[in-house]
Amino acid sequence: MASAPVVPLVPGVWRIPLVRDFVNGFILRDDDGQVTLVDMGLKPSGPKVIAALAAIGSAPSEVTRLVLTHAHPDHAGGAAHVAAATGRGFDIHADDAAYARAGMSPPRDRSFLLGRIFDRLSRGHDFTPVPVERELADGELLPVAGGLRVVHTPGHSPGHISLLHEQTRLLITGDAIFNVRRLRWPIRAFCTDFAMTKRTAAVLGELDYDLAAFTHGPELRDHPREAIRGFLARERLG
């Protein structure tokens with residue numbers, strides 16, 4: 001059965017199921033109708049992002065900000081299509097900006113055999129190069145729907161970010177943590193530094209939020225902060 005074009009999370013924020021619940025993007029809409037899109041999925045997902053706008057009664061002309069949590073093809077693959085449709089460039093952390101502009105993923109963790117293999121196979125052509133409008137910094141508060149806080153959580157990529165929508169207490173983890181069948185780490189070989197991924201995710205247990213959304217997996221609505229803190233605690237002991 002096909003996924004709904006959008007899933008409401010909190011007032012003014014929707015999840016876009018781009019590959020069922022496994023790959024997601026997000027829409028945030030201000031009271032004045034301005035729209036921010038976060039993550040564009042794989043290359044075929046660009047049109048789905050634009051269709052999601054229509055599903056909430058918005059148009060590409062109302063998009064005023066595009067954000068990528070990081071420069072991987074399952075997040076930036078549809079970005080060129082969305083940039084062309086909206087006439088906007090992307091906001092991305094400064095440490096991933098050069099990779100987005102080049103259309104290539106950052107290096108994988110070469111301490112793993114698969115990481116070394118993926119690096120050799122990539123050849124620097126992972127997705128269509130992305131127009132970068134602005135380079136983000138840790139702690140920055142974006143003027144999006146009441147305030148969207150940039151939380152730098154490097155490791156999965158050098159410039160990986162999570163996002164905290166402070167007004168509605170919604171956390172978007174990006175790929176710092178997956179929720180595929182259960183809370184879990186991203187695939188080790190896809191990370192630039194898997195050990196750093198595990199260290200920096202600890203900040204997600206320190207933030208205040210009432211709903212956690214994931215770019216891989218469905219959202220957690222029931223005590224998400226406690227669930228994520230429990231996951232992090234178990235991982236430290238394991």
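Student: Which strands make up the open sheet, and in what order?

Tutor: Strands of a sheet pair through backbone hydrogen bonds, either parallel or antiparallel. In this predicted model, five strands form an open sheet in the order E8-E9-E10-E11-E14, with mixed pairing. Strands (E, at least two residues) are DSSP runs numbered from the N terminus, and two of them pair if DSSP finds at least two bridges between them. Residues are numbered from 1 along each chain as its sequence is written. Local features need pLDDT of at least 70 and side-chain atom pairs 80 or more, while totals for chains, interfaces and linings use all residues; side-chain values use heavy atoms, without hydrogens and water.

Student: Which strands stand at the edges?

Tutor: Strand E8 (141–142) and strand E14 (211–213), each with a single partner strand, so one side of each has no neighbour in the sheet.

Student: How many bridges join E9 and E10?

Tutor: Five: E9 (residues 148–152) and E10 (residues 161–165) pair in the antiparallel sense. Valine 150 stands opposite leucine 163 in E10.

Student: Is aspartate 74 buried or exposed?

Tutor: Buried means under 20% relative accessible area, exposed over 50%, partly exposed in between (1.4 Å probe, protein chains only). Aspartate 74 is buried and sits in helix H2 (residues 73–76); a helix is a DSSP run of at least four residues.

Student: What does its side chain contact?

Tutor: A polar contact is a pair of N or O atoms within 3.5 Å; within protein, one must be able to donate a hydrogen and the other to accept it, and residues adjacent in sequence count only if both atoms are side-chain atoms. The aspartate 74 side chain makes one with the side chain of histidine 216 (3.0 Å).

Conventions: Lys and Arg count as positive and Asp and Glu as negative; His and the chain ends are not counted. A salt bridge is a side-chain nitrogen of Lys or Arg within 4 Å of a carboxyl oxygen of Asp or Glu.
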